[in-house]
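Dear colleague,

Please find below the structure that I am handing over to you. My notes on its salt bridges follow.

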Amino acid sequence: MRSRYSIRKIQNKLGVLLLFLFTSYLLPAQDSPSGEKAVITLLKEYERRFDLSFSYNRRDLRNIRCAVDDPASIEGALNQLSNNCDIQFFRIDERYIAVTVGDSPIISICGTLIDTATGTPLSGASVVGSGFQVSTGRGGQFTIAGISEGTSLAVYYLGFKVKEVLAGDLNSEQGCPLIFIDQRFNYLPTVLVNSYLTKGISRNAEGSVSISNQNFEILPSLIEPDVLKIAQILPGIESYNETASNINIRGGKSDEVLLLWDGIRMYQSGHFFGLISAFNPNLTQHVTIYKNGTHPRFSESVSGVISMKSDSDIPDQVTGAASVDFISTQFYAKIPASERFAFHVSGRTSINTGLGNPVYNEFFQRVFQNTVVTNFRTNSTEGLRSTDEDFNFYDINGKAIWELTNKDKLQYNFLTIFNKLNFTERFTGETSLSKNVSELKQQTLVHGLSWEREWTKQLSSNISYSSSDYVNNGGNQDIDTGQLESQRNELTESQISAELVYTPNSKLALEGGYQRTETEIINESSPFEINQVFVTQNELVSDGFYLNSKMNLFNKRSLVTAGLRFTNYPQIDNSFLEPRITISQKINSEVSLSASFEQKHQAVAQTIDINNSLLGIENQRWIILGSDDQPILENSQFTLGGTFKKDKWSFGIEGFYKMVDGINTLNQGFRNQLANENARGGYDVNGVELSISRKTEQLNAWISYTYQDNAYSFDELVPSDFRSNFDVTHSLSAAASYSLKSFLFSVGTTYHSGIPYTSPVPGNAIISQGNDSMINFDTPNDDTLKDFFRTDLSASYTLPLDDTFTGKIAVGMVNIFDRKNALDRYFVLDRDDEGNEFLTQVEQFSLGFTPNISLKLLF
């Protein structure tokens with residue numbers, strides 16, 4: 001316990017230090033006695049006063065202050081700033097003025113890109129500079145006004161960097177110079193595929209996939225860009241129980257996915273028991289997903305990583321939005337308190353029933369009421385479960401960003417997630433009635449503090465501290481008998497980390513870091529049958545060291561990302577040395593190949609209590625691994641794939657083979673003869689992922705497909721090898737989106753093979769052992785549910801209201817054909833009034849037709 005409290009002391013000291021620094025910063029924040037003002041403040045005053053708009057790089061100007069007199073005209077104001085400060089101005093037109101720092105002349109340039117192979121203009125290429133990007137038209141031309149003569153420009157085509165040129169070289173009085181592009185000698189870029197599947201998703205050469213919330217448009221069924229839902233359109237990523245938060249990557253359990261928010265591991269990720277994400281989509285700006293070749297910075301995940309980042313920029317003005325839909329009402333705001341300090345805040349709370357809310361009621365039908373019990377003797381409905389509920393949730397997110405100097409940035413993050421449910425469950429049969437009253441609370445509270453420092457252009461560092469507290473507290477009372485059952489799962493985690501990044505040149509980047517993590521988990525339970533509370537308390541401390549390198553080789557046509565991670569657990573005398581490597585090779589302008597390999601481990605996972613009296617609504621509890629029965633999970637994975645791009649088409653293929661060792665039957669959620677077995681084993685999964693997309697100016701269409709073969713192996717069991725609970729052979733997602741001015745429309749279909757389940761032996765379903773009866777199950781996971789098929793659509797319309805406010809209306813429809821998809825099936829023994837036992841089948845189904853509408857006001 002001593003080590004955890006040492007970090008708690010550090011947490012308190014960091015809080016005091018942050019308050020002191022914040023106060024010391026605000027005190028001198030007023031204008032200096034000499035009358036100097038920040039140049040950015042002056043420019044904003046001139047914009048309002050003279051009805052102008054200045055274009056500038058905020059980072060260049062944020063540290064410049066000037067003493068100026070009150071000008072009578074804009075010309076006088078610009079002359080004073082030019083004479084008193086090292087600033088230049090360039091009029092783009094009557095209203096727009098470009099601003100640069102230094103004595104490099106400001107010019108307007110143009111150019112025409114020519115493909116050397118065909119001699120024709122190169123349209124659809126991107127010309128990128130510091131803070132801007134333009135595209136070439138059909139004639140291969142581009143124009144840039146108000147640019148510094150020394151600005152370096154990069155030309156990208158089909159996602160590849162094909163040319164570098166200085167702006168001054170294009171300053172010609174003889175018209176637009178010709179720029180010849182030879183695609184045989186282009187570079188392998190950091191981004192292999194822009195608009196991978198759809199706009200806002202990029203496939204990176206280092207093996208990851210990035211999702212940019214800012215650039216994302218629309219997906220079927222979504223009225224907000226929920227990043228956890230967006231991730232599920234990628235091949236190899238599914239949610240077999242139709243939730244946003246329970247994500248399965250390449251046949252693994254959802255707890256095998258490391259979920260990070262601003263670098264902090266999250267142990268709760270959903271509202272409405274996972275049906276919607278707990279992370280406010282308005283402030284989640286960027287997401288990085290690893291399925292293999294994971295950066296050695298990340299541990300604790302044998303299946304994948306989803307790392308979410310919120311916006312860390314200081315806005316020029318207050319921006320935000322407020323919205324309401326049938327599930328929740330929410331808001332967010334980004335508020336610049338000064339040129340160097342800003343707050344980001346957001347909040348969301350549920351809209352309860354009582355108004356005849358159809359979406360809310362459908363969600364409850366999915367979670368609680370959509371369970372039918374069937375009598376196998378007559379194959380007729382024996383009874384129905386129903387509930388009366390009182391449920392609410394909220395999440396609050398806050399962030400403070402402080403640019404101490406041009407080289408230093410301090411950030412503080414805060415997030416709390418809360419769910420509370422009170423419900424009464426009734427079972428009404430032909431001759432019986434029973435009643436249970438239950439309560440469930442889930443809450444997460446996280447804090448994070450980080451300091452980023454840019455020592456030189458080549459060297460930077462990041463030091464961070466974070467703490468996370470998660471509590472899942474539930475109780476259940478049988479009114480008929482007066483018996484009370486309670487469960488509590490409490491997790492506390494703290495982490496201190498430091499990282500150095502050294503980039504000596506454009507061909508090499510090196511990273512190294514250290515992480516110390518301390519985790520404590522307390523589990524309490526009080527079963528119905530025993531009037532006693534059982535408590536287990538475990539603590540785990542780890543020290544992690546990692547190195548990573550990124551090398552551009554062979555004229556930047558090859559990218560090798562190689563890393564190594566060493567993690568030590570001193571309490572259990574165990575350590576892991578894990579390599580991570582990804583190799584990307586550009587064959588030509590259309591084809592690139594990639595291969596990756598990784599080894600990882602996981603020491604914190606979830607166990608599943610199938611006897612939970614809350615009908616399995618929240619029957620998962622976090623535990624610490626490392627014992628003989630519950631060893632630390634280990635994985636090895638290899639992938640090989642390639643991409644092909646031509647015109648507006650993109651095609652990707654990747655084969656994978658993954659092995660995970662150390663799983664326990666108690667943690668897999670079996671509802672068959674293995675439910676109470678305590679056996680160690682593993683699973684192997686191999687498969688192929690395909691993606692095809694085509695993008696035009698207005699239409700974007702894509703298909704993603706996954707084939708996999710997923711099998712368990714438990715040496716202690718008979719049979720030892722059988723299908724995994726997540727052995728879904730075929731998965732397919734197909735969708736199209738269309739944009740027309742302010743209107744967006746998207747429709748799509750999700751399909752996957754049925755989920756495995758175990759059926760009783762036909763004709764001998766119940767057997768006796770002494771005075772007890774039990775179900776005589778067949779081979780584990782011998783049967784399969786019917787295929788899952790669902791079609792969704794969504795549409796949105798954006799309407800500017802005035803110079804400040806913009807309105808947006810969005811409509812989303814889930815399962816528009818109201819197809820009844822089975823998500824789970826299992827069997828239990830019941831007893832009739834005469835004491836005779838019979839077999840019952842329990843089925844759980846997906847959402848039916850569920851429309852939703854959102855009204856949003858942006859400012």
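Is R671 buried, partly exposed or exposed? With a relative accessible area of 25%, R671 is partly exposed; buried means under 20% relative accessible area, exposed over 50%, and partly exposed in between, using a 1.4 Å probe and protein chains only.

Please note that this is a predicted model, in which local features need pLDDT of at least 70, side-chain atom pairs count only at pLDDT 80 or more, and totals for chains, interfaces and linings use all residues. Residues are numbered from 1 along each chain as its sequence is written, and side-chain values use heavy atoms, with hydrogens and water left out.

The structure holds 28 salt bridges, each being a side-chain nitrogen of Lys or Arg within 4 Å of a carboxyl oxygen of Asp or Glu. One of them joins R671 to D824, with the closest N and O atoms 3.9 Å apart. D824 is partly exposed, at 24% relative accessibility.

A further salt bridge links D262 and K399, whose closest N and O atoms are 3.7 Å apart. D262 lies in a loop and K399 in strand 28, so this pair ties together parts that are 137 residues apart in sequence; strands (E, at least two residues) are DSSP runs, numbered from the N terminus. D262 is buried at 13% relative accessible area, and K399 is buried at 7%.

E689 and K291 also form a salt bridge, at 2.9 Å between the closest N and O atoms. Both E689 and K291 are buried. Through shared partners, salt bridges join R203, R250, K291, E654 and E689 into one network.

Yours sincerely

How values were computed: Helix = DSSP H or I, 4+ residues; strand = E, 2+ residues; numbered from the N terminus.
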